[in-house]
Amino acid sequence: MTNLQNPVMGAKLFKWPKGTITQLFGANVVLYQKAIGTNGHNGIDIVAAEGTPILASQGTICEVKNTPEGYGKHIRILTEPDIYGDYLELTFGHLRDIIVNIGDKVIDGQMIGGMGNTGFVISGSTQYWGNAPAGRGVHLHWGARECNLKNTGWQTQYSSGKTAYIKNDLQKQVNRLTQIVELYKRVLNLLNLLKK
Ligand SMILES: [Zn+2]
């Protein structure tokens with residue numbers, strides 16, 4: 001899959017480098033359960049050249065951290081709540097460098113770092129845990145989760161000290177909606193066939 005612009009519907013808000021999408025949400029359940037204990041891949045992987053600019057969506061930087069066993073050097077952004085109190089937590093993982101700090105307000109399209117291969121990355125059939133050689137496994141891990149001001153859901157704390165409650169995984173929800181729309185289309189096609 002090349003240059004798939006928006007796996008997330010209607011998402012003018014989301015920006016990521018032009019590149020090849022190598023892994024979608026929910027992929028490789030067995031591998032990720034074994035390696036990091038998650039129920040499949042929990043984001044989207046985009047491959048481009050090392051150092052490719054990573055661009056923000058508008059919000060506040062809530063986490064700047066280096067976790068070798070996970071996302072490596074990564075940034076998390078919390079967007080502003082909408083009228084229902086819903087907002088998003090966006091994750092940008094495996095960066096080579098980071099040029100923002102915790103608490104910074106960032107605007108749409110602002111450069112926040114460069115693509116890299118820090119943290120847990122896979123190149124070919126080899127898994128690296130924060131020690132990938134130069135040029136191996138370079139990609140951006142991009143994730144989106146929906147939070148809510150009503151404080152229902154799964155609690156998570158950032159390196160800024162801020163706490164958020166994760167309501168659901170946005171990408172999981174979008175996958176489900178996409179399936180429903182596809183099913184609906186199929187039913188309509190069937191009805192049209194019957195009419196003929
Ligand atoms: Zn990933």
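Which residue stands opposite M115 in β9? Let's keep that in mind for a minute, everyone. What we have on the screen is a predicted model.

Three strands make up an open sheet, in the order β3-β9-β7, and their pairing is antiparallel. The edge positions belong to β3, residues 53-55, and β7, residues 95-98; each has a single partner strand, so one side of each lacks a neighbour in the sheet. From one strand to the next, the twist averages 35 degrees.

Now let's look at β7 together with β9, which covers residues 111-115. These two pair in the antiparallel sense over three bridges. And here is the residue I asked about: L95 is the one opposite M115 in β9.

Stay with β9 for a moment, please, and find G114, which lies in that strand. Is G114 buried or partly exposed? The cut-off for buried is 20 or more other C-beta atoms within 10 Å. G114 has 19 C-beta neighbours inside 10 Å, so G114 counts as partly exposed. Leaving aside residues up to four places away in sequence, G114 touches G51, T52, P53 and I54, and also L95, R96 and D97. There is a C-alpha separation to note as well: G114 and E50 are 64 residues apart along the chain, yet their C-alpha atoms are separated by 7.2 Å.

Last stop, helix α1, residues 29-36. How many of its eight residues are buried? The count is zero, so to speak a helix that is hardly covered.

Terms used:
Residues are numbered from 1 along each chain as its sequence is written. This is a predicted model: local features need pLDDT of at least 70, side-chain atom pairs count only at pLDDT 80 or more; totals for chains, interfaces and linings use all residues. A residue is buried if 20 or more other C-beta atoms lie within 10 Å of its own, exposed if 12 or fewer, and partly exposed in between; C-beta atoms are placed from the backbone. Helices (H or I, at least four residues) and strands (E, at least two) are DSSP runs, numbered from the N terminus. Two strands pair if DSSP finds at least two bridges between them. Axes are lines fitted to C-alpha atoms, for helices over the stretch in contact, and angles run from 0 to 180 degrees between N-to-C directions. Two residues are in contact if their C-beta atoms, placed from the backbone, lie within 7 Å.
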